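Work through the following exercises with the sequence and the 3D structure open beside you. Try each task before reading its solution.

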Amino acid sequence: MGARPVRPSRRWPGAEWWAPLLAGLAAIQRAGAASGPLLAAVELTGEAPTVTAVWPDGNRTTVTPDPEADAEALRDLLAVSGTDTGYPTPGASDPFRLKYAWLLEELSGASDAWFAYTEEPVRLLSVRADETAGAENVTVGVGRPGRGDELSVVFRLGDCEDVIGIPYAIAAQAAGAGPMRVVKLRLPD
């Protein structure tokens, strides 16, 4: 088990390089939970990260942000406005976009789940949200360098208070999964 990030952030040296980006995206998603875009895809592979925003009218925008960008720079890049409502823990009846913002914040604040608490190293590759037709699913792409493969961990966001610590559950389950391509997340009792 490692105790340090594989690729540390310049702004947050104790965290993975993508942690500041996810924190900024969480703030934008919270601010636009009612009428802004859904940050439907965050891709963390390749030369630079990409973020795809899907607007309520169906238009899509894909941007390539600096992973160290703060929320204000990300707002400018995505051409969004709104005020961040803070970090409440959403309940089952809250909108999906607010729950998704919470998940992005949790992933950001617990980037150590990917490098410090698994026997086998895992890497966060992507976070995708699907709210079409009431699906409200999240798919987290995970790479397993030791096995040379990738898998997808799929789950629904219900009452977020019940799943605090979800990054650790995702990383642990991905590290321990067999050679499957898609894994349904089992949350600890």
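The structure is a predicted model.

**Exercise 1. Overall build**

Task: State how many helices and strands the protein has, and find out how its radius of gyration compares with the globule rule.

Solution: 
- Step 1. The protein contains four helices and seven strands.
- Step 2. Read from the N terminus, the order of elements is α-β-β-β-α-α-β-β-β-α-β.
- Step 3. The radius of gyration is 16 Å, close to the 16 Å given by the globule rule for 189 residues, so the protein is as compact as a globular protein of that length.
- Step 4. The C-alpha trace spans about 40 × 35 × 25 Å along the principal axes.
- Step 5. Buried residues make up 52% of the 189.
- Step 6. Take the contacts between residues at least 6 apart in sequence: 56% of them join residues at least 24 apart.

**Exercise 2. Helix α1 against helix α3**

Task: Describe how α1 packs on α3, giving the angle, the distance between the axes and the handedness.

Solution: 
- Step 1. Two packed helices are described by the angle between their axes and the distance between the axes.
- Step 2. For α1 (residues 19–31) and α3 (residues 96–109), the angle is about 160 degrees and the axes lie 8 Å apart.
- Step 3. This angle makes α1 roughly antiparallel to α3, because angles over 145 degrees count as roughly antiparallel.
- Step 4. The α1 and α3 crossing is left-handed.
- Step 5. On the α1 side, the contact is made by Ala19, Leu22, Ala23, Leu25, Ala26, Gln29 and Arg30. On the α3 side, Arg97, Leu98, Tyr100, Ala101, Leu104, Glu105, Leu107 and Ser108 take part.
- Step 6. Sorted by type, the residues of this contact are 10 nonpolar, two polar and three charged.
- Step 7. Glu105 belongs to α3. Leaving aside neighbours within four places in sequence, Glu105 is in contact with Ala23, Ala26, Arg30 and Tyr87.
- Step 8. Glu105 and Gly24 are 81 residues apart in sequence, yet their C-alpha atoms are 8.4 Å apart.

**Exercise 3. Helix α1 against helix α2**

Solution: 
- Step 1. The crossing of α1 and α2 is right-handed.

**Exercise 4. Two loop residues**

Task: Locate Ala79 and Trp55, and find the accessibility of each.

Solution: 
- Step 1. Ala79 lies in the loop between α2 and α3.
- Step 2. With a relative accessible area of 62%, Ala79 is exposed.
- Step 3. Most residues other than glycine have a negative phi. Ala79 is not a glycine, but has a positive phi of about 55 degrees.
- Step 4. Trp55 lies in the loop between β2 (50–54) and β3 (60–63). Trp55 is partly exposed, at a relative accessible area of 21%.
- Step 5. Apart from residues up to four places away in sequence, Trp55 touches Pro37, Arg60, Thr61, Leu78, Ala79 and Val80.

**Exercise 5. Helix α4**

Task: How many residues of α4 are buried, and what do the buried residues pack against?

Solution: 
- Step 1. Eight of the 11 residues of α4 (residues 166–176) are buried, so this helix is largely enclosed by the rest of the structure.
- Step 2. The buried residues are Ile166, Pro167, Ala169, Ile170, Ala171, Gln173, Ala174 and Ala175.
- Step 3. These residues pack against α3, β5 (137–144), β6 (149–156) and β7 (182–184).

Notes:
Residues are numbered from 1 along each chain as its sequence is written. This is a predicted model: local features need pLDDT of at least 70, side-chain atom pairs count only at pLDDT 80 or more; totals for chains, interfaces and linings use all residues. Side-chain values use heavy atoms; hydrogens and water are left out. Axes are lines fitted to C-alpha atoms, for helices over the stretch in contact, and angles run from 0 to 180 degrees between N-to-C directions. Angles under 35 degrees count as roughly parallel, over 145 as roughly antiparallel, 65 to 115 as roughly perpendicular and the rest as oblique. A crossing is left-handed if the near helix is turned anticlockwise from the far one by less than a right angle, and right-handed if clockwise. Contact means heavy atoms within 4.5 Å. Ala, Val, Leu, Ile, Met, Phe, Trp, Tyr, Cys and Pro count as nonpolar, Asp, Glu, Lys and Arg as charged, and the others, Gly among them, as polar. Buried means under 20% relative accessible area, exposed over 50%, partly exposed in between (1.4 Å probe, protein chains only). The radius of gyration is taken over C-alpha atoms; the globule rule is 2.2 Å times the number of residues to the power 0.38.
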